[in-house]
Amino acid sequence: MFSLDYYDFGTPPSEAAELVTLEIDGRPVTVPAGTSVMRAAALARTQIPKLCATDTLKAFGSCRLCLVEIEGRKGYPASCTTEVAPGMKVKTQSETLDRLRRGVMELYLSDHPAELVSDQRPVRTEIREMAQRIGCTQNRYGADGARHVGASVDDSNPYFQFDPNACIVCSRCVRACDEVQGTFALTIEGRGFASRVVASQDEGFLASECVSCGACVEACPTTALQEKTLLAHPLPERTVTTTCGYCGVGCSLNAEMKGETVVRMAPDREGKANHGHACVKGRFAYGYATHEDRVRTPLIRAKITDPWREATWDEAFQYAASEFKRLQAKYGRDSVGGITSSRCTNEEAYLVQKLVRAAFGNNNVDTCARVCHSPTGYGLKHTLGESAGTQAFTSIMKTDVVLLIGANPTEGHPVFASQLKQRLRQGAHLIVVDPRTIGIVRAPHVQADYHLQLRPGTNVAVMNALSHVVVTEGLTRESYIAERCEQPSYEKWKAFVAHPDRSPEATADVTGVPADQVRAAARLYAQGGNAAIYYGLGVTEHSQGTTMVMCIANLAMATGNLGREGVGVNPLRGQNNVQGSCDMGSFPHELTGYRHISDQATRALFESAWGVVLEREPGLRIPNMFEAALDGTFKGMYVQGEDMAQSDPNTLHVTAALSALECLVVQDLFLNETAKYAHVFLPGSSFLEKDGTFTNAERRVSRVRKVMEPLAGLEDWQITVRLSNALGYPMNYAHPSEIMDEIASLTPTFTGLNYDKLDRLGSIQWPCNARAPDGTPTMHIGEFVRGKGKFFVTDYVPTTERTNSRYPLLLTTGRVLTQYNVGAQTRRTQNVVWHDEDRLEIHPHDAETRGVNTGDWVGVASRAGDTVMRALVTDRVQPGVVYTTFHFPESGANVVTTENSDWATNCPEYKVTAVQVIRVTQPALWQQRFREISQRQRILRGDRVSQT
Ligand code: SF4
Ligand code: SF4
Ligand code: FES
């Protein structure tokens, strides 16, 4: 049920350049050719009654409520399916039209349970509003005829229900599932009066292929498909537009509120990243925000073996500050550091790095992007000049060839995946480079042209082979390169990739990809029109992550696929604000806007604004902090919204380092895995409880707006301010808008950005400054940010993580649609009905040789450690490769992953771990220890807070 406060234009806009003028109710209206009469009228602020039409779906013309009169035409055409014509004269209101519309509505009402159209239930639906608008709330036919009443309600889905009694078979849900989401899970079964909506093979919503994106619910004009929360609170009192707190797509959402309760989280049709769509996480999985596990009081303890004790905020800040000061006095200024959160706002990340640099007086600040997209920052900065993706998501609609590498958008970036599938259904080509047969390789009405199913760890060899074909077959765009790139670097790269050792034939044995497929894919990418690369952590989380990002930039430059719509290089960011946390100076070597800390002029700017002298040497990265902690030189850490004990590789190493700290301050929603090693716990605020901004994968800065008061009393930015004040470095902000003003004053790519402009424009893609006052949807138009694009030679260096007879399989990791990152949020929602444990995917061949069946417990052992999880036998993985997710701490996926990391950025090599898999009957030793530690910490917490 979509918001009736949204002004619905009835049909989608026409892209035609040609304009047509017609007359509607005597007034001239000019619209693009191809526009429907319904939309033209709506643009002229006349909304024609409708039921089966809505402006996110193609016109269907089934309900006949939108009839109009057109001079010179016979009958009463449906305005939703009738296109405008020059000079057309349309009448939207007349006695005859009123009568006809009432007749249609009466028929619907005769088959529609009375409570839905009377005032007995205070629910607002489109059908009720239309009935009232055309003055028809009764029907002449009574309830004697055949009716769709008495059918059982399908409430199998945890978030919404389907009540066939209220269904008018308008097909909006079916079309939304097809056109918007691209899952094709719903159909209309039967004919005429017997027709009805069914999910998959009529198996109920939960068991069907439905992915619970809510598009069907959003499209429904009745209460047939309805959020369950609306049964308790049918009439929200206010709506606040905010930004999803989950993934890097950054969907705009309307939080519909009753008091302090979120009644509905509806996708915002004006959201520029999502255009009225959302996924199961953003749309429904917000219940964690009020989960009973939320910690609402600061906690303190001297030792991690002590019980937690509740404290006041003041006491907690004073204690933490005195501990940090004690450590710096005893072990030196550099013995402490901080971690910013990619789940928090830009303003909050900015303040944490400011605290570290100004209050701690060192550069020991890092962020969780270290373990995901740090190679993107490094690789794109050096080749193109800017550490960010180049396009807006809508650019995909002008792409002819999509090269998707190491990303699984239908699981990780679902709303972007829906748009991508729309474009593929229109005929764009798809090349997938991935060790697994991910969903988009073969989806309804989508089939990848090529799936280069490489061996994990051979990305660079595959990219060099693709480039080899492009160069040796003369498919480069020499004029583009001559105009826009550094020629010597190009010549060097060209000679490098042209070498026969880089050919698809020479590398096929290593990569496992047949040479003819590589050749065909390279030709398609280079010659198929606008070609765009989208990539994910399957590119970056390798020992050659940065090299691979450079490979991508090289190929895009060599084929002229940068600097306009439809092309580009697009990292799909994992967490909601991973782009923003990087932009905000969270890395130890960079201030905001990716300016190196060693740059005297940049430092001087910040020193003058902050009133301190800044350290000029870069500080410690996260892995260096752990090493230093184990060496005894790093003693204190302030961690904002990051659960390293679960998310970082080699868990045993991480927890040993955390145990060695004398003061660990964790700021989070829940007592997470890292908090088991903490001395101070500062209860954080969810995205619903604060103001600020997030920056998504398109560089789009969007407002996060507070919809409820922070459960623990303070927003995260206020916590950092108070901690800094307690440390003796004063911070004084009345509102996050003031923090953004400070960021803008210090950051050339943000100088034009402020909250007023964000409120006015909805969202803005940086750079936003005097050159681009309303932001920059497409980067590198005309020239690259660094001036001339620079090619880098990208030697393939195999990872040292090799298989052998002891560890014969390669483990790679990823995520699922319904869970998010370490799962702390989604595990505390009903999303667990879809995924309640991490499983090990194993190919039938490897399973058979080990006597493993789906559901069996298997031990997974690597050089770093071993764990036990349940097996899932599937040919989604190739022989020799196993795969798992890392959403549940007890599965210990990161106990197994190693400390190998990217040569340039230390981004861990999560995607390649040599393992052995055997059938077992009991948990691993570490799992037994994990349970003991969890149990002990539960006791130390002394109340019902669970450690899940
Ligand atoms: S469930 Fe709703 S959207 Fe789907 S056909 Fe029925 S009334 Fe239309
Ligand atoms: S696609 Fe990402 S941003 Fe959009 S609703 Fe889903 S989780 Fe939220
Ligand atoms: S809205 Fe036009 S036929 Fe239904």
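**Close-up views of a predicted model**

Figure 1. D648 sits in the loop that runs between α23 (644-647) and α24 (651-659). The model shown in this and the other figures is predicted. Is D648 buried or exposed? Its relative accessibility is 2%, so D648 counts as buried. Leaving out residues up to four places away in sequence, D648 touches V371, I622, F626, E642, V654, N894 and Y910. One of these, N894, is 246 residues from D648 in sequence, yet the two C-alpha atoms are 6.7 Å apart in space.

**Figure 2. The salt bridge between E742 and K354.** Side chains of opposite charge can pair when their charged atoms come close. In the pair shown here, E742 and K354, the closest N and O atoms are 2.9 Å apart. Residues count as buried when their relative accessible area is under 20%. E742 has 17% relative accessibility and is therefore buried. K354 is buried as well, with a relative accessible area of 5%.

**Figure 3. The salt bridge between K398 and E565.** The side chains of K398 and E565 meet with an N to O distance of 3.0 Å. Which parts of the chain does this pair link? K398 is in the loop between α10 (374-383) and β16 (401-405), while E565 is in the loop between α19 (545-558) and β22 (568-571). The two residues are 167 residues apart, and the pair links distant parts of the chain. K398 is partly exposed, with a relative accessible area of 45%. E565 also counts as partly exposed, at 36% relative accessibility.

Figure 4. In the salt bridge of D716 with K690, the closest N and O atoms are 2.7 Å apart. D716 is part of helix α25 (residues 716-727), and K690 is in the loop between β27 (680-683) and β28 (692-695). These two residues are 26 residues apart. Both D716 and K690 are buried. Elsewhere, D8, K50, D55, E126, R172 and R269 are joined into one network by salt bridges that share partners. A search of the whole structure finds 47 salt bridges.

**Figure 5. Strand β29 and its two partners.** How many of the residues of β29 (residues 700-704) are buried? The strand is mostly covered, with 5 of its 5 residues buried. In a regular strand the side chains alternate between the two faces of the sheet. In β29, R700, S702 and V704 point one way, and V701 and R703 point the other way. One partner of β29 is β28, and the two pair in the antiparallel sense over 4 bridges. T693 stands opposite R703 in β29. β28 and β29 form a hairpin with 4 residues between them, and R699 in the turn has a positive phi of about 70 degrees. β29 also pairs with strand β30 (residues 763-765), in the antiparallel sense over 3 bridges. Here the bridge partner of R700 is Q765 in β30.

**Figure 6. The shells around ligand 1 and ligand 2.** Ligand 1 is surrounded by 14 residues, and the closest are C167, C170, S171, C173 and C220. By class, this shell has 11 nonpolar, 2 polar and 1 charged residues. Which residues are around ligand 2? They are C244, Y246, C247, V249, G250, C251, A278, C279, K281, G282, P414 and V415. The elements that give two or more residues to this shell are α7 (280-284) and α12 (414-425). The shell around ligand 2 has 9 nonpolar, 2 polar and 1 charged residues.

**Figure 7. The chain behind the close-ups.** The protein chain has 30 helices and 36 strands. Its C-alpha trace spans about 90 × 70 × 65 Å along the principal axes. A compact globule with 948 residues would have a radius of gyration near 30 Å, and the 29 Å of the protein chain agrees with this. Of the 948 residues, 64% count as buried. Among contacts in the protein chain with a separation of 6 or more, 72% are between residues 24 or more positions apart.

Technical notes. Residues numbered from 1 in each chain as written. Chains lettered and ligands numbered in written order. Predicted model: local features only at pLDDT ≥ 70, side-chain atom pairs only at ≥ 80, totals over all residues. Heavy atoms only, no water. Salt bridge = Lys/Arg side-chain N within 4 Å of Asp/Glu carboxyl O. Buried < 20%, exposed > 50% of the residue type's maximum accessible area, 1.4 Å probe, protein only. Pairing = 2+ DSSP bridges. Near = heavy atom within 4 Å. Nonpolar A, V, L, I, M, F, W, Y, C, P; charged D, E, K, R; others polar. Rg over C-alpha atoms; globule rule 2.2 N^0.38 Å. Contact = heavy atoms within 4.5 Å.
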